[in-house]
Amino acid sequence: MNSSMDEINLLRQHQRHQQHHLSVRGIGEEIDLEIDQCEDPTFSGAALEGVTSHHPQDPVVPADDHKSFLIPCSQPGAVDGQPQPTPPQAEERAGMLRLSAHTKKKKKVVKKWRDEWADTYKWAYVAVHDNTSRIFCTVCKEYGRKHRRNPYGNEGSRNMQMSALEEHNNSLLHKEALRLQSASKEKVQTPEIERPVYVKALSKTAASILESLFKKDPHEAEFIQSIQEVVHSIEPVLVKNSQYVQILERLLEPERCFIFRVPWVDDRGEAHVNRGFRVQFSQALGPCRGGLRFHPSMNLSVAKFLAFEQTLKNALSLYKLGGAAGGSDFDPKGKSEIEVMRFCQSFMDELYRYLGPDQGNFTGPKIFWSGSSFRTEATGYGLVFFARVVLADMNKELKGLRCAISGSGKIAMHVLEKLLSCEAIPVTVSDSEGYLFDGDGFDYVKYTLIRNIKAQQRSLKEYLKTFPRAKYINDAKPWGEQCDIAFPCASQNEIDQGEALSIISSGCRVLIECSNMPCTGQAVDILRKAKVHVAPAKATAAGGVAVGELELNPEFSLMQWSVEDFENKIQEAVKQTYDRSMKAAQEYGILKENPESLVHGANISAFLNIAQAMTDQGCV
């Protein structure tokens, strides 16, 4: 019994001695990561010493409170930062300082060291792992030594942390994680896909169709966006006739999708590989017809969205055809003509396998091999003719109106050219770096200059050398400039919420969609509430669609059309498309004054044409 009591007493004495003893651990052991700081500016440069009390009456404190016995030491007798033995009076005074100012001092210390250590250890953070606080590297997410909060900032512990940091940064695991992190920053960040935004609440049937589509293809943002616009428009049709629900479900699933590799060799002899796409969406009305897009942003979602849009465009035209689209993530910008030729030949070597004997045809060839002398202008001219029809229905004319154009490709340049012939005032064009604004408006001389600049693949900034009164705005879009009509010709979703507000503020009241789906869903909602009349690309492309389908006529090569004949053909197709769309809208209770009447009417008319064909053919 006595021996047991002696052992307990010895253990208590040992614990009491350890309470006042500061031990320094090696790098291989657990070390402290200090993140606290105090407000005393002299604290960070002060040496630290352990204060040991030899008075037996001192209260016993928990082992974890050994941090409270560390105080700043700036005695004159200290040598090389090492504290020298202190006389009993100084020791007693230090003990009293500890007991009287412990609470107040600790609060100051915590704040000062928190800031200093947080700056020092930006590479690390503290988190709980297996019920233990540990230090994690922000790069490789690996955890290491245990973390203990030391509010008095043990200098030795801090130095060892720096040594541990250097050791960690030299590890292969950390270097590989750092390399992967740097590589990920260089990649194009994919925007987070949000759930489609609907202009208004849908019926349960329409909502269930979209919900099913979203579950199957949650990451195909462009495709889902195009689908939800159409479903919103044809909701009155589904409510009036429930048999169209199953037809719509079948229509929204493409008939077939092809993805293939496209190997090609550049001018330096280096091999490259790109990805090719072709989506044949629907052949209910006839053989598939649709274009190809070569752009780095091309993917399956974009191919499906373009094919769906083309299906509805063809369904609106006088000449019924099915819809398709495709392309590749190949970027023709900066490539030589020989490189583009090599790529296109390799692309067709793969694509021809999926076209079939009735679909191996191209529109837009040169006139001497069955092409049209007016094919390249047809789409751009048709867009301006459509704008003229819309304005005529509003008792307005195009003459004298200020027009904002985005893009500077073939379609945008032909829109600009035809606007000049209609005596409108185009004031903007744009490229990938920004937009060009000429407040005086473009004329034929300025148009010719812009066309030559783009033919030489130069920046629109070159325009300012000849016309210095104009201005070029970098990294911006032209929708903030004052205008009456907007012609977005660049790409899909180029007009977001902010751009839509700029369009409204600019005084624009009519928007002619030249590119496919140029507005985001949120932008469409904003424009609708502001009563901006929108002409959808499905209808405005009627001119280009009509001429493209005429080229498929075997007798077309024998027809020699004049410019006037072609323009008359385009205007006739545009007027008929407009009338059919407005009639379909009125039949389903959509008033003419509704700024979305043309959008809804075009979608309804196109869907009904396809639905009738699918009904006649059975379950297709």
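Select Phe260 first: across from this residue stands Gly276 of strand β7. Bear in mind that the model is predicted.

Now widen the selection to residues 256-265, strand β6, and residues 271-282, strand β7. The two strands pair in the antiparallel sense, over 10 bridges. They make a hairpin, with 5 residues between them. In that turn, pick Gly269, which has a positive phi of about 85°.

Phe294 belongs to strand β9 (residues 292-294) and Phe347 to helix α10 (residues 337-351), so the pair ties together parts 53 residues apart in sequence. Phe347 is buried, at 1% relative accessibility, while Phe294, at 22%, counts as partly exposed.

Next, select Phe442 and Tyr463. This aromatic pair is edge-to-face, with 5.9 Å from centre to centre and 90° between the planes. Phe442 is in the loop between β13 and α13, and Tyr463 is in helix α14, 21 residues apart. Is Phe442 buried or exposed? Phe442 is buried, with a relative accessible area of 5%; Tyr463 is buried too, with 0%.

Finish with two lysines. The charged end of Lys418 sits over the ring of Tyr381, 4.4 Å from the centre. Lys240 lies over the face of Tyr588, 5.0 Å from the ring centre.

How values were computed
Residues are numbered from 1 along each chain as its sequence is written. This is a predicted model: local features need pLDDT of at least 70, side-chain atom pairs count only at pLDDT 80 or more; totals for chains, interfaces and linings use all residues. Side-chain values use heavy atoms; hydrogens and water are left out. Two strands pair if DSSP finds at least two bridges between them. Helices (H or I, at least four residues) and strands (E, at least two) are DSSP runs, numbered from the N terminus. Buried means under 20% relative accessible area, exposed over 50%, partly exposed in between (1.4 Å probe, protein chains only). Rings of Phe, Tyr and Trp (its six-membered ring) pair if their centres lie within 6.5 Å; planes under 30 degrees apart count as stacked, over 60 as edge-to-face and the rest as tilted. A charge sits over a ring if NZ of Lys or CZ of Arg is within 6 Å of the ring centre and within 35 degrees of the ring normal.
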